[in-house]
Every structure is written in structure tokens, then in C-alpha cells.
Amino acid sequence: MNKVIKKRFKCKLCKDKYPITTDMLRDVYYRTGFGDKEFLKAFNCPTCGNIYINFGYGDKWQHLTCEFFDV
């Protein structure tokens, strides 16, 4: 069963509202300026495909435009 993480999330690009569930999440990483990998949780907006990531600071999902790689 899919656990709801956030009930009403609003996309910043398309303004669509939808719940974030555990089946939407995926593990991604990006390379920092020092060459290290930083692992994050991410999901794509089901309407427009915009990517949102969580740095692990609670319930804060941020839209970033850097390049991510699937784990």
C-alpha cells in the first residue's frame, strides 16, 4: 500500500495539486563541487514532469534545475 507523505502538494510550474506517495519517490544523486556524491529522494510532477528533491530537512520539497542521476 502506498503511504501518503504529503496530502496536498502544489507544483510551482503547472500549479497542479496532488498527494505525494511512496511509489512516486526514487533515489537520485548529484555530484558536489568537490566530486563527492550526495544522495537524495526525488519525484517528478505527474502533470508536467518537473523534478522535486528533498535534502532530508523534514517536509521541505525543493525544485532545483541541476542534473540528477538515478541510483
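Two strands count as paired if DSSP finds at least two bridges between them.

A note on the source: this is a predicted model, where local features need pLDDT of at least 70, side-chain atom pairs count only at pLDDT 80 or more, and totals for chains, interfaces and linings use all residues. Residues are numbered from 1 along each chain as its sequence is written, and side-chain values use heavy atoms, with hydrogens and water left out.

Next I traced the sheet. I found an open one of five strands, ordered β6-β5-β4-β3-β7 with antiparallel pairing. β6 (62-63) and β7 (69-70) are at the edges with a single partner strand each, so one side of each has no neighbour in the sheet.

Then I listed the elements: the chain has seven strands and zero helices. Both are DSSP runs numbered from the N terminus, helices being H or I of at least four residues and strands E of at least two.

I also checked burial. Of the 71 residues in the chain, 27% are buried, meaning under 20% relative accessible area (1.4 Å probe, protein chains only).

My last entry is on extent: the C-alpha trace spans about 35 × 25 × 20 Å along its principal axes.

How values were computed:
Buried means under 20% relative accessible area, exposed over 50%, partly exposed in between (1.4 Å probe, protein chains only).
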